[in-house]
Protein chains: 2
Amino acid sequence: MRISELSRRSGVSVATIKYYLREGLVPKGEATGATQARYGEAHLHRLRLIRALVEVGDAPLAKVHAITAALDSADGGDLHRLLGITMYALAPEPHRPAEGDPAWTAAQEEADALIAELGWRVTRSSPARGRLAAALAATDRIGRPVSTRILRSYARAAEIAAEDDLTVIDPDAPRDQTLEHVVIVTARLEQALAALHRLAQEDASARSFGRPRPGAGA
Amino acid sequence: MRISELSRRSGVSVATIKYYLREGLVPKGEATGATQARYGEAHLHRLRLIRALVEVGDAPLAKVHAITAALDSADGGDLHRLLGITMYALAPEPHRPAEGDPAWTAAQEEADALIAELGWRVTRSSPARGRLAAALAATDRIGRPVSTRILRSYARAAEIAAEDDLTVIDPDAPRDQTLEHVVIVTARLEQALAALHRLAQEDASARSFGRPRPGAGA
């Protein structure tokens, strides 16, 4: 297809596609003239992946480049490595704790202990490990620690969800499409989880502090 | 205390405190001279709440104002109302679906059905209801719907967490402090949940696609 059709089908403007081409985020098309080229499904998948990373994953272009470079490398078929690079790129920047902050050290140990107890295979440098610790430290500091019971209950739900997430991954599908779907499913699931938590809070508050329902007993 | 001590104890600069005073976000202190005033614990709690809303909750000042106005009104003791205003202020803007988008209509019905099945007391206009529907619609559109089993499993964990969240709420404590703690606990719990989800994904991916551990069977 020509660049105009690629633009229409991907939802990315021609100018932006040309920018991505110059930056090496999208492989060059097949030249059909001095100034024209033809593009294929692979280019479409690449643009859809970039859109998902930027619009859904809020990833800066430097991180997008790390992912596309991995896809275009000789090792571009290694799923676990690609998923790792993608998910680490989607991670919000970990919180930088103050030097020697005792709440931080205790929270790191708590996070590490929970991960070990769950038997999860997670690298030491995983950004999510640091973000879990940062969240625990923040609540510890105001004297409102998250209970281990709550964490375990959510961890079990997270395991079920993560197993389900894996079904998005078809080892025979184009890698760009697989990563695009993982990005969208992950971001939207996290949005759904946060929404469920807020809805449950609204319900709990209504039952504890709200006005009785018409017709309900006193 | 004088404004300098209030600044030190709250972590908010004197200039910003004066700005908040002018905007009516913080009640005036007790005038002790033409240009001086004394402040008390209530002012400290108010500043800590504002910091939590802005720094942890990412709330714009217009929404902070809605909360402080409610606290300072005659109805300032109504916990359910205060929690509602606060939590709705913390909600990210709901996604604006395209007119007549069939995925959106179906997702709204799915979200409503789940909330009804769980028996949760939630208003029709709750922003979290719209965000749950938006998340479901996004995954439906790429042919990767979130399974109801996953949603129910997370909803149960959310109910347990929400009951626990309520323990943060001491009806006899100053309302400003109660809201400050609810903001921090909610934001940090959601951060912990997202981190747990990513950690579980990393583990599931390692077990499915990663290299076998040294010493493990083929």
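**Exercise 1.** How close do the axes of helix H3 (residues 41-56) of chain A and H9(A) come, and at roughly what angle do they cross?

*Solution.* This is a predicted model, in which local features need pLDDT of at least 70, side-chain atom pairs count only at pLDDT 80 or more, and totals for chains, interfaces and linings use all residues. Residues are numbered from 1 along each chain as its sequence is written, chains are lettered from A and ligands numbered from 1 in the order in which they are written, and side-chain values use heavy atoms, with hydrogens and water left out.

Step 1: the axes of H3(A) and H9(A) come within 8 Å and cross at roughly 20°. Step 2: H3(A) is therefore roughly parallel to H9(A), since angles under 35 degrees count as roughly parallel, over 145 as roughly antiparallel, 65 to 115 as roughly perpendicular and the rest as oblique.

**Exercise 2.** Describe how H5(B) and H9(B) pack.

*Solution.* Step 1: the axes of H5(B) and H9(B) lie 11 Å apart, and the packing angle is about 40°. Step 2: these two helices of chain B are therefore oblique to each other.

**Exercise 3.** Which helix supplies the largest share of the lining of the second largest pocket?

*Solution.* Step 1: a pocket is an open set of points on a 1 Å grid over the protein atoms alone, where a 1.4 Å probe fits, with protein on both sides within 12 Å along at least five of seven lines, and lining residues have an atom within 4 Å of a point. Step 2: the second largest pocket is lined by 36 residues, and A:Glu202, A:Ser205, A:Ala206, B:His80 and B:Gly84 lie nearest its centre. Step 3: the largest share of this lining, seven residues, comes from H5(B).

Definitions and conventions:
Helix = DSSP H or I, 4+ residues; strand = E, 2+ residues; numbered from the N terminus. Axes fitted to C-alpha atoms, helices over the stretch in contact; angles between N-to-C directions.
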